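Grab a pencil and take a look at the protein below. The exercises that follow walk you through it bit by bit, each with a worked solution.

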Amino acid sequence: MRKTLLALAAVAGLLFATAAPANAYEPVNIVHTEHVQAGPYGMTIGFSTWPLKAMQSLDFTFIPDGGIEDKSGTLTMINPEGGKNRTQPLVRHPRKLDVWGLDVRSMPRPGEWTFRFTVNGPAGSGTGDLRALPVLEQPGPPMGLSWAISTLPLIGLVVLVVLAWRRTRGRLRGGELPAIG
């Protein structure tokens, strides 16, 4: 019996030691695409979630016609409210290395955003805009309500500590020590 258990344990250990590791990251799943012409370069923009919602994380992929090997570029996200625009270089997507992209990014506010692409490559430089990209309101309850609900456990803990303190304070003030054990 003992030898059988040892053999089973050895086989189980061997199976776990040689099993192929699971993917640590889920592959990028594109559910919607848009097309932009940036000078001589066509660009396909992919979204992992559609429609876009403010403060909801998603992946973006940017795929120029002919691939990214001999090209470089920048992306400017133009705020619909006229606030600060963010320009950043186009870099490889960390989970889809053959394209440019943004990993787990969210749009900070709702409105009609513009993505401006500047692409440099063998055919020269080109700029193109993806205009009127709709970003809907943030999903879920309003942020203030979410914060209020999340503080309820803390308020309960404070009430519990105050009640315990008041009960023990009265006994200690009279000279009595609480019985232990």
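## Exercise 1: the core

Which residues have the most contacts inside the largest nonpolar core?

Solution, step by step. The largest nonpolar core holds 25 residues, and M43, F60, F62, F115 and F117 have the most contacts inside it. Next, the elements giving two or more residues to this core are strand 1 (32-38), strand 2 (41-47), strand 4 (58-64), strand 5 (72-78), strand 8 (96-105), strand 9 (111-121) and strand 10 (124-136).

Now the terms. A nonpolar core is a set of buried Ala, Val, Leu, Ile, Met, Phe, Trp, Tyr and Cys residues joined through side-chain atoms within 4.5 Å. Buried is under 20% relative accessible area, exposed is over 50%, and partly exposed lies in between (1.4 Å probe, protein chains only). A contact means heavy atoms within 4.5 Å.

A word on the source: this is a predicted model, where local features need pLDDT of at least 70 and side-chain atom pairs count only at pLDDT 80 or more, while totals for chains, interfaces and linings use all residues. Residues are numbered from 1 along each chain as its sequence is written, and side-chain values use heavy atoms, leaving out hydrogens and water.

Leaving aside residues up to four places away in sequence, F117 touches a list of residues including V36, M43, F62, L90 and L130.

## Exercise 2: the overall layout

Solution. Then read along the sequence: the pattern is α-β-β-β-β-β-β-β-β-β-β-α-α. Finally, 24% of the 181 residues count as buried.

## Exercise 3: one residue up close

Why does Q88 count as buried?

Solution. First find Q88, which sits in strand 6 (residues 86-89). Its relative accessibility is 9%, so Q88 counts as buried. Then check the neighbours: Q88 touches T74, L75, L102 and R105, setting aside residues up to four places away in sequence.

How values were computed: Helix = DSSP H or I, 4+ residues; strand = E, 2+ residues; numbered from the N terminus.
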